[in-house]
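Here are my notes for your review. Please read them with the sequence and coordinates open.

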Amino acid sequence: MRSRRLEYSESTRKALVGSAVELFTKRGYAGTSLDEVTKRARLTKGALYHHFSGKQALFEAAFDAVENDFMLKLTEIVSAPGDPWDTAIAGLRAYVRVCLEPSYQRIVIHEAPVVMGWERWREAEEHFSYGLLRSTIEVLVESGELEQLPVETMTRLLFGALSAGASTIAGASDPRKASAEVERTIVRVVEGLRVREDGGGGGAKAEEESSRREGRRSRRR
């Protein structure tokens, strides 16, 4: 049986992290003090230092909490029974919508690269979302939905595109408009890698259409 002390310790940590997520989301890292965090959680500074070495450690715990929450939701979507293509596209669309969430925007996209440092932030991002994206691409390749291209390369490229899309949304003056544009573009990119019913790849079709457009432009000149 779990001891009451352990349960209290876990509930204390959860309260501190929850308070930190709220305050970091509203005020950012620089605008949040540990006194405010403990006051909001109705706990003491001693309780905070029992769990965290300082403000940055608390921020990283808040970052982990936000990432875990959203990754659980995305995993449920892409792991749902049904057509692999439909669930994968639903997962991509869901990720783009996650980028509109205030806590994800402020903590994961805006603050984390600065507070944690670029390298540490990229490692953390890969820990949470890269694996999910890679497994999704593997399923699509194995099911014959995507062309037989190197999974690692496709994952790296799409992961970079999704990361850039998240930054675009977070930095836009109209995030909802940017979100719609990013979602439409990412889906089209993935559709370009899809195997056609005649056995060809989406990439070949895209190249053919590009050649047609170039020909039309040449004739207009």
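1. Buried here means under 20% relative accessible area, exposed means over 50%, and partly exposed lies in between. The model is predicted, so side-chain atom pairs count only at pLDDT 80 or more.

2. Start with helix α5. The helix covers residues 84-98, 15 residues in total. From first C-alpha to last, α5 reaches 21 Å. That is close to the 21 Å expected at 1.5 Å a residue.

3. Which residues of α5 are buried? They are W85, T87, A88, I89, G91, L92, A94, Y95, V96 and V98. These buried residues have five helices as packing partners: α4 (55-78), α6 (102-116), α7 (118-142), α8 (151-171) and α9 (175-191).

4. Look next at the start of α5. There, D83 places a side-chain oxygen within 3.1 Å of the backbone nitrogen of W85. W85 is also one of the buried residues of the helix.

5. Now the charged pairs. Searching the whole structure gives twelve salt bridges. One of the pairs to check is R106 with E111, at 3.1 Å from N to O. Are its two side chains buried or exposed? R106 has a relative accessible area of 25% and is partly exposed. E111, at 15%, is buried, because the cut-off is under 20%.

6. E152 pairs with R134 in a salt bridge, with 2.8 Å between the closest N and O atoms. This pair links distant parts of the chain. E152 sits in helix α8 and R134 in helix α7, 18 residues apart. Both partners are partly exposed: E152 has a relative accessible area of 31%, and R134 has 26%.

7. E152 has a second salt bridge to inspect, with R156. Here the closest N and O atoms are 3.4 Å apart. Both residues belong to helix α8. They are four residues apart, about one turn of the helix. R156 is partly exposed, at 40% relative accessible area.

8. Which residues do salt bridges with shared partners join into one network? The members are E126, R134, E138, E152 and R156.

Key. Residues are numbered from 1 along each chain as its sequence is written. This is a predicted model: local features need pLDDT of at least 70, side-chain atom pairs count only at pLDDT 80 or more; totals for chains, interfaces and linings use all residues. Side-chain values use heavy atoms; hydrogens and water are left out. Helices (H or I, at least four residues) and strands (E, at least two) are DSSP runs, numbered from the N terminus. The expected span of a helix is 1.5 Å times one less than its number of residues. Buried means under 20% relative accessible area, exposed over 50%, partly exposed in between (1.4 Å probe, protein chains only). Contact means heavy atoms within 4.5 Å. A polar contact is a pair of N or O atoms within 3.5 Å; within protein, one must be able to donate a hydrogen and the other to accept it, and residues adjacent in sequence count only if both atoms are side-chain atoms. A salt bridge is a side-chain nitrogen of Lys or Arg within 4 Å of a carboxyl oxygen of Asp or Glu.
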